[in-house]
Number of protein chains: 2
Amino acid sequence: MQHIGPFHVMSLLEQAKQMEAQGQSVIHMEIGEPDFPTPDAIIRAGMQALQQGQTRYTASKGLPELRQAIADYYAQRYQVNIDSARIIVTPGASGALQLALGALIGRDDEVLLADPTYPCNRHLISLVEGTPVAITTSPENGFQPSAAQIAAHWTDRTRAVMLATPANPTGSTVPRQSMQAIAELVAQRQGTLIVDEIYQGLVYEGEDYSALAVSDDCLVINSFSKFFQMTGWRLGWLIAPPDLVEPIERIAMNAFLAAPTLAQHAALAAFRPETLQLLDARRDVLRQRRDYLLHALRDMGFAIPVTPQGAFYIYADCSAVCNDSRQFAQDLLHSQQLAVTPGLDFGNNQPDRFIRFAYTAEIPVLEQAMHRLRQFLQR
Amino acid sequence: MQHIGPFHVMSLLEQAKQMEAQGQSVIHMEIGEPDFPTPDAIIRAGMQALQQGQTRYTASKGLPELRQAIADYYAQRYQVNIDSARIIVTPGASGALQLALGALIGRDDEVLLADPTYPCNRHLISLVEGTPVAITTSPENGFQPSAAQIAAHWTDRTRAVMLATPANPTGSTVPRQSMQAIAELVAQRQGTLIVDEIYQGLVYEGEDYSALAVSDDCLVINSFSKFFQMTGWRLGWLIAPPDLVEPIERIAMNAFLAAPTLAQHAALAAFRPETLQLLDARRDVLRQRRDYLLHALRDMGFAIPVTPQGAFYIYADCSAVCNDSRQFAQDLLHSQQLAVTPGLDFGNNQPDRFIRFAYTAEIPVLEQAMHRLRQFLQR
């Protein structure tokens, strides 16, 4: 338990809620949840499933027609052919990550992962008594671990490497060539490459591809939360190498029986051409927000060493304007009612220097936020 | 992973599905899922939540109004006052169990639990690298561990005891006096008593009470799946001692962020008087099925040493009619298209001798099932 940290941002969020309860108007740039409502077609499919009384358990691996729809999606959008037998539908990407770690990691097994990274990753490794091993990344490598770094950190206890593309908190992607080099290295060492693709589809620059197009041996984690904007439905999926499917299914049966039935039926509407068209249009809106925010932050003296290529975050170096990002976030919230996430939540790689800004609000709100930030800097 | 067994019944279920695909009519008495549809009021509340666009994350502990509704339910139905701050809404009882074990159990910590028991319990203990320690129960003690047995199995590694009342697979309950004695013992030894009450409300004989009425220090796991008939919604809850709430919330944030939003809104309708009235009427239907089945099975030579007081299972001793319950279940399925669960899934306490019959079908179907069973015995 001592290894399982809280999200520090939660205490900020708690303070923000108290301020709001007192009538203050807080702008939220700390939240990793898209502001778009779930597309109507998905909601309608959910209502239809309710009308039909679809309220009982599905198979542990998920509805066969949803698993096939996911396979078809990969074929059409990412030109990868995947047998639907390798797809397991999960309660959110969190559920997928738990299954992957439960199947692969025993006590003291090491998992290599980037620092900075999404904090749950290392906490869930600790929960199964594995050891998360942080690789300190640098802006020069796009905040992603290189094959050379992975080789240097490999020990006889290393069982897996986790990559995220696009990544939280940096929005950076792993180029296909690096993915190839890392996949080959991990295969040589007989480990497993776990790739978090939960921001797949939200790519604004460079290639939107799946690691499965590079290597059939990797284990991919995905979600209906981000691109498909289905956060509260709690639905994700995992694509496993064939020999891991049976052990993963066994853990799924024990750990959560099955993903929510209603969400699975609703998600069938997520892959319809008209839904995908809407989602692509929303991605373009996110890109515009990113462009606006990148410019505004750089203009105020924030350094953004790696232009984020995807997700909906900017990881900004605030060392020109403060020397303690946690205190900065605290003061910014209380003096300007603007909530952001300090680097501390993402690891030990110069966390005092960084702040994550989420662009999960419309541009007029972001403009207001930047106005508040400017006021704060001019104290 | 080698500790995480599959449910053996799953391979039977797989065979049953293949038989059905070939046009055979299988009667399912192996399934631990109520056959009643989710009550209409709950479905309507779910539809309303969808119409209102309630599709985003809730707080990790769940909707405050749902947590309060659960607290009110305990006050009204079970005469226990619980601060809603101690209630955490989870993705099913599976999620609640994971949180409890994650917060309490570290590597090699021992958890005492009954044999026979629901198989997930010991598998989830293994997943966090704890050690499940089985207490071989006997019909004389109603298939429940006694305080004396718990004392005898206690070591300096014991951290918790798990009880289930009513229990799966035996349907037996823990009388209030035993609960009191066990709670006192566990408190003396400074352990934690975890009580699985997921079949609460489905009690046909004896007292339907909560362990919280006996001891405020125990950790209670509950579910909307069984009494409330919301299986596919994946919703449960946990009531923790005050000092465990914060660590449990921390794990919830990391392990699954929050329970499904829609299910939480729908569940608000579960506690309305008219819903509870419907559910109580359905419980009476289950009681009638139990009474029918008890008589029919005993009539055919099955011994049922402990008359089940709750849940929807009969754990029958079949030693008068066979000497290998697994083979019996296998043969019964293939020759009579009747699916039941062999004792093997529930532990090592004479599993060859027992079969679990679930009465999750209407009486005419159960009559047909008993006809098939009689034919089988008269081979």
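## Model and numbering

The model is predicted: local features need pLDDT of at least 70, side-chain atom pairs count only at pLDDT 80 or more, and totals for chains, interfaces and linings use all residues. Residues are numbered from 1 along each chain as its sequence is written, while chains are lettered from A and ligands numbered from 1 in the order in which they are written.

## Overall build of chain A

Chain A contains 12 helices and 12 strands; these are DSSP runs, with helices being H or I of at least four residues and strands E of at least two, numbered from the N terminus. Its C-alpha atoms fill a box of roughly 60 × 55 × 40 Å along the principal axes.

Of the 379 residues in chain A, 53% are buried. A residue is buried if 20 or more other C-beta atoms lie within 10 Å of its own, exposed if 12 or fewer, and partly exposed in between, with C-beta atoms placed from the backbone. Among contacts between residues at least 6 apart in sequence, 73% join residues at least 24 apart in chain A; a contact means that the C-beta atoms, placed from the backbone, lie within 7 Å.

## Two domains

Chain A is assigned domain 1 (8-38 + 275-377) and domain 2 (40-271), with bounds from an automatic or database domain assignment. Their centres, taken over C-alpha atoms, are separated by 25 Å.

In chain A, 29 residues of domain 1 are in contact with 37 residues of domain 2. On the domain 1 side, α10 (273-299) and β9 (313-317) each supply at least two residues, and α10(A) gives the most, with 7 residues.

## A loop residue in chain B

B:Gln190 sits in the loop between α7 (176-188) and β6 (192-196) of chain B. B:Gln190 counts as exposed because it has 8 C-beta neighbours inside 10 Å.

## Relation of the two chains

A rotation of 180° with 0.0 Å of shift along its axis superposes chain B on chain A (RMSD 0.0 Å). The two copies are thus related as by a two-fold rotation axis. Superposition is by least squares on the C-alpha atoms of residues with pLDDT of at least 70 in both copies. In chain B, the C-alpha nearest the axis belongs to B:Val128, 2.5 Å from it.

The copies meet through the same surface, because 100% of the interface residues of chain B are also interface residues in chain A.

Key: Two residues are in contact if their C-beta atoms, placed from the backbone, lie within 7 Å.
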